[in-house]
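Welcome! Please take a look at the sequence and the model below, and then we can walk through some of the features together.

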Amino acid sequence: MKYTKLNFMMSVLGIVIYITDLIVDIWVSVRFFHEGQYVFGILTVSFMFFGTLVVQCFSYSWFKADLKKAGQESQHCFLLLHCLQGGVFTRYWFALKKGYHVAFKYSSKTDNFMEEQIDQHKEVIDRMTDLSMLRLFETYLEGCPQLVLQLYTLLEHGQANFTQYAAIMVSCCAISWSTVDYQVALRKSLPDKNLLNGFCPKLTYLFYKLFTLLSWMLSVVLLLFINVKIALFLLLFLWFLGILWAFKKQTQFCASISMEFLYRVVVGFILTFTFFNIKGQNTKYPMFCYYIGRVLVTVGISIVFWVCPVSIFNSDYFIPISITIALSLVLGIIFLIVYYGTLHPNRNEETKPDEIDGIAAERDCRMKYFLME
């Protein structure tokens, strides 16, 4: 397990995408207010605030836990930085500073301090995994709702400016990058996990997530055109089911009860958009049920939209959107089957016991309790 120069460059690319996504979000919200679309502007700002608030809470709680583990007292400056929404940037500063030292300077030394080198690399990898988890949270809490909003405004008006196209492209890149980067970083941080090596498995996993997400988001947009209240009720109902599932699985991610409750709420929200293994168990049947339900709901929405055409919807987009939904859903399921059938790192291993409650789990290793896949 080694933090390489390529890993450092990928980390730099990660913060570039993060900053770009943040700038575009602010740009889009300002444009909405400037054009008099105050509802969309308020929604965009609300999504941003909700996502970053949750991320800052988790980031600060991890800082406190790490300082406590190291026998140090919690510093008030960290709390201030997180209150000013600078927690992620603070983590990036420490992680990139340490990562550069390990990747470019420390690796050039001799092997006399091999054990110390391993500890240095492990420390950087753990920091990057924390950042990957935080980006994943923010991507699904902020990026997915904003992408639905951008698609809705695009289809409602039939025309889009450069800002909307840029927002859609950046959101897609952020979602894709954070999802794949998270899986790679998580597996690299856990010694007992097989690495997600090779370009083909990563690309297949990316397409599986991207196509299933695209199909679902377009379906939600169509439902919003049919009836906003029904669409919101469906999303809230699915969110509630996701929270119930997290409570049923009794996740053990956080040390405090309040943060664990917040974590389960976030997990429920993520499950509204895509499937994750929240307990480290064999989830063949839950995943099967999840995507069977996704297919049925998607087909139901499409049928309703065909039967009850909406006047405010630009009819020129109707057939292309319907084809895109069906095609992306089919492709997403195909890539899912290919990934788990032939490319998953654990495909040749026997079914393992619960990695959360099993003997091999280490309570002081936070990554052991992250969302698995």
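## Helices 1 and 4

In this predicted model, helix 1 (residues 5–34) and helix 4 (residues 87–105) cross at roughly 160 degrees, and their axes come within 9 Å. Helices here are DSSP runs (H or I) of at least four residues, numbered from the N terminus. Axes are lines fitted to C-alpha atoms over the stretch in contact, with angles from 0 to 180 degrees between N-to-C directions. Helix 1 and helix 4 are therefore roughly antiparallel, a word used for angles over 145 degrees. Their crossing is left-handed, meaning that the near helix is turned anticlockwise from the far one by less than a right angle.

Which residues of helix 1 and helix 4 make the contact? Helix 1 brings Lys5, Phe8, Ser11, Val12, Gly14, Ile15, Tyr18, Ile19 and Leu22, while helix 4 brings Val88, Phe89, Tyr92, Leu96, Gly99, Tyr100, Ala103 and Phe104. Contact means heavy atoms within 4.5 Å. By class, this contact of helix 1 with helix 4 has 13 nonpolar, 3 polar and 1 charged residues. Ala, Val, Leu, Ile, Met, Phe, Trp, Tyr, Cys and Pro count as nonpolar, Asp, Glu, Lys and Arg as charged, and the others, Gly among them, as polar.

## Helices 7 and 10

Helix 7 (residues 199–226) packs against helix 10 (residues 284–307) at about 40 degrees, with the axes 10 Å apart. Helix 7 passes helix 10 in a left-handed crossing.

Among the residues that meet here are Tyr208, Trp216 and Phe225 in helix 7 and Tyr291, Arg294 and Phe305 in helix 10. The contact of helix 7 with helix 10 divides into 12 nonpolar, 4 polar and 1 charged residues.

## Aromatic pairs

The structure holds 31 aromatic pairs, counted when ring centres of Phe, Tyr or Trp (its six-membered ring) lie within 6.5 Å. One of them joins Phe58 and Tyr263 edge-to-face, at 6.5 Å centre to centre and 80 degrees between the planes; edge-to-face means over 60 degrees. Phe58 sits in helix 2 (residues 38–69) and Tyr263 in helix 9 (residues 257–271), so the pair links distant parts of the chain, 205 residues apart.

## About the model

Residues are numbered from 1 along each chain as its sequence is written. Local features need pLDDT of at least 70, side-chain atom pairs count only at pLDDT 80 or more, totals for chains, interfaces and linings use all residues, and side-chain values use heavy atoms, without hydrogens and water.

Key
Helices (H or I, at least four residues) and strands (E, at least two) are DSSP runs, numbered from the N terminus. Rings of Phe, Tyr and Trp (its six-membered ring) pair if their centres lie within 6.5 Å; planes under 30 degrees apart count as stacked, over 60 as edge-to-face and the rest as tilted. Angles under 35 degrees count as roughly parallel, over 145 as roughly antiparallel, 65 to 115 as roughly perpendicular and the rest as oblique.
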